Structures are given as C-alpha cells and as structure tokens.
Amino acid sequence: MSQPIRIAVVGSGYVGLVAAVCFAEMGHDVICVDNDESKVEALRGGDTLIHEQHLPELLDRYRNNRVQITTDLAEATRTCQVIFIAVGTPQSETGDADLSYVEAVASEIARSINGYKVVVEKSTVPVYTNEWIRRVIERNGVRREDFDVVSNPEFLREGTAVEDFLHPDRIVIGADSDRAAALLSEVYAPLTSGSYYTHPSCVPGDCSDHHPPPALMTSTKSAEIIKHASNAFLALKISFINAVSNLCEAADANVEQVARGIGLDSRIGPKFLRPGIGYGGSCFPKDVAAFRSVAEQMGVDFNLLSEVEKINANQKKRFLAKVRSALWTLRGKRLAVLGLAFKGETDDIRESPAVDLVEMLLAEGSMVVAYDPAAMKRAATELPPSPQMRYATSVEDAARDADALLILTDWTEFGELDLQRLHDMLRYPIVIDGRNLYDPQTMLQHGFTYLSIGRPTATPSREARNPLPESTAVGA
Ligand code: UGA
C-alpha cells in the first residue's frame, strides 16, 4: 500500500469514531480527539459507547496502537497532516445547524498549525461552512499557504456504519486546491485502488478490487450541497411512499405492490420506498430542516421540503388513529410495544418516531410495556419507568396479556416471531405493525387481526363483516 498518513479525527460520535477506526483499518495512523474525558477513558478501555456492527472488533484491534485516543487537539494538530472535523452540528431553535462546535475546533486547530495542514469538514454542514472555517483559521494568524479546507461528507448509516464507510457508493472530495485534493485522494487510495479489498481479513461488503468505489472530485461548495441534498432526497422518497401508502389505504390497494411496481423502474430504484411511521434519527429531521433553512436564507423557494416534513409528522398521527380504530378507547389498555430505536439494529433513540408514539399513547392513558433489543437503556431517559410505562425483558414478557401488540421498529428479530406462541400470549390477538414486517395473509391464517401501513387490514371473518370507520374511535 501507499505510505500511511497521520490523520487526526476530532469528535468521537458515530461519524468520528467509525472514521477513526476505519482509517486505521485502511493502514493509516490515527489520533482520535474528543474533549469529553470520560468518553476518552471509555474508548481507551475498548467500550465503543454505541451499538454498531464490527466496531468493537476494530476498536479492540487498533486502540492504543494505530488509533491513539486523546483530549489533546493541539498536539494532534501538530503531529498530523490531515485533520478531520467530525463534531456534532445539532439543530438550533431556528432549524439551522448550530456550528459553534465546528467553529471552536477550527479556532483551536488554527492556534496549533505548524506547517501545511489539510482541515477536512466531515460533519454535515450547510454550504459556505468551508469558507467560514477558512476565515476563522486565517483570523487566527495562519498564512493562507499553510492550510487548505476540504469538504468530505460522510454517507454512513447507523447500524451498518463500518461497512458503509469501507464499502461506500462513492467518496466525495470537495477541494478547491490541487494539493489538498491529492492528499485526500491518498487518504482514500486503499479503497479507490481496490487494494484494501484484497486483504483476507477485510470487512466484507459490496466493493471489491474489481469494483472499488469511485471518488468524485468537486468544489467544496458542491460537496457541502451533495450531503444535504442526498439526505433531503432520501427523506423525500420516504415521505412520498408514505403519502402513497395513505392513498393505498383509502383506495384499498396494497402499497407493497405499488412500491415494487414503481421501484422496478431503474430511474426510481427500489430502495427507501418502505412505508412506515415516518423517518427519524439524528440526521434526516435535522438535515431536512437545515437544508430548508439554507435555501430560505439564500432566497430560494424550497417549500417541497416543508411538505416532506409535514407528511412525516402526520404519519405518526395516522398510526395513532389506526391503533384507536382497532381498540376503540385507549385509556387503561395494556399495549405491548416492540421497538423504541428510530430504526432496527441500532440503540439510537434520537428523534425516534417510536418514542414519540409511546409518548402519545401514554398521554392517552394507555399502559405500555415496551421491549427493544438494544435501546431500552437510552429510552428510559426519555420515557422513565412508571406504573404506566414498563420495560420488558423479552418479546414474550411484553406480549403476555396485552390488549394488542404494536411493532414500531424494524428489528430483524421482530420479523421472525413465533406467531403461534404470540397468539396464545396476547389477551386479544391484535397486531398493529408500523413497519410492515409481516404478510397480512400469514397473520390472518394465525388468527390475528392485523393492521399495517398502506395495506388492507386482515381481520378474522366475524369482524370483517362489520368493519367500523376509523373516525368513530374515541379521540380520532
Ligand atoms: C441517514 C442516511 O441514510 C445516511 O446516508 C447518512 O450518512 C446519515 O443519515 C447521516 O447523515 O449521518 P441513518 O440516519 O443512519 O442514515 O438512517 P437511515 O437508514 O437512512 O434511516 C433513517 C430513517 O428513515 C429511519 O427512521 C428509518 O426507519 C426510516 N426509513 C428508511 C423509512 O421509514 N423507510 C425507508 O424506506 C428507509
């Protein structure tokens, strides 16, 4: 392989920590910097702090050797050639991204620059952030020829972060100088040349030495917009299929068939057309709002994004109405809830539609017994245990004697339940599935009343003869 590069990664959240261990996996020497002492201690001891496939093994392999973990940003800046900024960009009250952490890190880097450095923004940021970072570094007295600022957005998903990082669809390098572009190309050379994939122990995925990921060289501003536009477009796709699923419900059609029918058009594609209870997580809600706000500030009408947000918020209310339509009143009902994370295979509950829905159910007076394979500890901070809110030890524990079972997160194990056992355990065999994990016919054969998203309700014949409109349910 080419020469290892000394890389600093500032911020050890999802993007920073994954980038740090993956750069080490690619052969580079990495310093991972975080200003939270307790986090640094935990990482040094091998605790990843997040639930993520492959991350524990990689952290174990590289911590305290190829990945040094520290709070000392000044020293990291002095000893590294390339410094990635991967700190949080939370949503401010106005919907804009709050860039104060990025600014603070840029100033601190500036005070320690001792030779040519490339500062890379990897956090999701609005267009022009790059220019601001450059200005901040210059204001701190650094000569223009001693640094460049590059935008290298990250497209990894939680739950599959390591695989996404090492097997990306594309690598976007937004650089306005040839020198910086060349250095960043070198950083990613193990992937773009395909050499990484020839290692017998490489993390498996879609890329190979025959099909390495492409590197796309752009201007810094284009790279910044690519990141926001990608997330906004994916959110739009989800809201679109959710709106179509509502139409399917009204017309008694099946959204799964419709999604397949449109997804087979290669111009549309089959991915991100799964209807549900709305998108959540730390990225889509924040990034759609930030992109809308950037457009507004630049005088560009992008109301389409407000509609995306509106459909997303409405999707939760529609699900609540569905629960009412199956149970009539909610006060005092004992509801088994499967899933609290914002999606399967993660313990992240940030902006989780599942957590929002549990809050709505509690507000209606229901008793909730929730189970999630990984997110219960985090959820307990938002939804503290109480006589109304209990955390179960297993699916069975949640389901026993419940008036209905609600599926709110698409964990793989929730799609593989023993349906006979589940039927026997529930007080009433009613399943309301916000993630379409089951085939309605199969549920019917097992004797369930089964409501899902955008598909006809499956109801044992007695109820089917006398369906009640949703609007007759109390509180609808
Ligand atoms: C998302 C993007 O997919 C990543 O490419 C991006 O790098 C990341 O945000 C980021 O900016 O950091 P992530 O938030 O981990 O990744 O989760 P996704 O898998 O994209 O799911 C987001 C939400 O959409 C979840 O609530 C999920 O349940 C929902 N979703 C997804 C649907 O409702 N339907 C779908 O078809 C797909």
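A salt bridge is a side-chain nitrogen of Lys or Arg within 4 Å of a carboxyl oxygen of Asp or Glu. The exercises below apply this to a predicted model, in which a search of the whole structure finds 29 salt bridges.

**Exercise 1.** Find the salt-bridge partner of Arg 44 and state where the two residues lie.

Solution. Step one: the partner is Glu 41, and the closest N and O atoms are 3.1 Å apart. Step two: both residues belong to helix α2 (residues 37-44), where three residues, about one turn of the helix, separate them. Step three: Arg 44 has a relative accessible area of 31% and Glu 41 has 48%.

**Exercise 2.** Decide which parts of the chain the salt bridge of Arg 274 and Asp 410 links.

Solution. Step one: the two side chains meet at 3.4 Å, N to O. Step two: Arg 274 sits in the loop between α10 (255-263) and α11 (284-297), and Asp 410 in the loop between β12 (404-407) and α16 (419-425). Step three: the residues are 136 apart, so the pair links distant parts of the chain. Arg 274 itself is exposed, at 59% relative accessible area.

**Exercise 3.** Classify Arg 350 and Asp 348 as buried, partly exposed or exposed.

Solution. Step one: the residues form a salt bridge, with the closest N and O atoms 2.8 Å apart. Step two: Arg 350 has 43% relative accessibility and therefore counts as partly exposed. Step three: Asp 348 has a relative accessible area of 5%, so Asp 348 is buried.

Definitions and conventions: Residues numbered from 1 in each chain as written. Predicted model: local features only at pLDDT ≥ 70, side-chain atom pairs only at ≥ 80, totals over all residues. Heavy atoms only, no water. Helix = DSSP H or I, 4+ residues; strand = E, 2+ residues; numbered from the N terminus. Buried < 20%, exposed > 50% of the residue type's maximum accessible area, 1.4 Å probe, protein only.
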